[in-house]
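Thanks for coming, everyone. Please look at the model on the screen while I talk.

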Amino acid sequence: MLRRLHPALLDSCHRLLGPRPVYFIGSTRRDGTPHLCAATNVTAISSSPTLVTVALWPEWETRDNILRHRRLSISLATSDQVPAVMVAGHRYTGRSLPPQSDKFSAAGLTPLLTEPDYPAGVADCIAVLLCDVLKVLDDLGDHDVLVTRVRSAWADSTCFSQDLVLDVNRRNPLLQITGQRFAAAQPTT
């Protein structure tokens, strides 16, 4: 039975929209080296053209990198990549990493360099999108929302149909329930 939640819980009700897929967000640091973070606030908002929003904390290095270069990569994480997500999302998960760490190496991930001047995606993932930032909405809440346009995409063809429908019987995307609680996408019968 549904019941109305207490107003004090409204700042937590985003959890009611989960679990949500986990993504690695790639950016390029000022010195040209690749950088990663983990995020779940990623949503397709248009099919033609393909537009995707990404919401990031304004204090994160990733946000600054993306706004400086106006480009990012979005890589769909899989259920076997929880340890890598914990490293890439080290501030959120409470892990300690030295400043300017190479998160690809620290997380055991392989960079996918596909196009000049675009951030590396994660070769170990099942799909990677390269995106250009079209608009930044920085006055809506505690996250900045980046509206991006997909420039190009890569996918593991063994996991997708010809029309790009994921077969979760082959590889399971990682889903975040909340914090450090995760699940895997499973097929239904």
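**Val 128 and the cores**

Val 128 is buried, at a relative accessible area of 3%; buried means under 20%, exposed over 50% and partly exposed in between, with a 1.4 Å probe and protein chains only. This is a predicted model, where local features need pLDDT of at least 70, side-chain atom pairs count only at pLDDT 80 or more, and totals for chains, interfaces and linings use all residues. Residues are numbered from 1 along each chain as its sequence is written, and side-chain values use heavy atoms, with hydrogens and water left out.

Where does Val 128 sit? In strand S9, residues 127-137. Strands here are DSSP runs of E, at least two residues, and helices are runs of H or I, at least four, numbered from the N terminus. Beyond four places in sequence, Val 128 touches several residues, among them Ile 74, Leu 112 and Trp 154. Contact means heavy atoms within 4.5 Å. Phe 160 is 32 residues away from Val 128 in sequence, and 13 Å away C-alpha to C-alpha.

Next, the cores. A nonpolar core is a set of buried Ala, Val, Leu, Ile, Met, Phe, Trp, Tyr and Cys residues joined through side-chain atoms within 4.5 Å. The largest has 21 residues. Val 54 and Ile 74 are among those with the most contacts inside it. S9 is one of the elements giving it two or more residues. A second, separate core has 16 residues, including Phe 104. Back to Val 54: leaving aside neighbours within four places, its contacts include Ile 25, Leu 72 and Ile 74.
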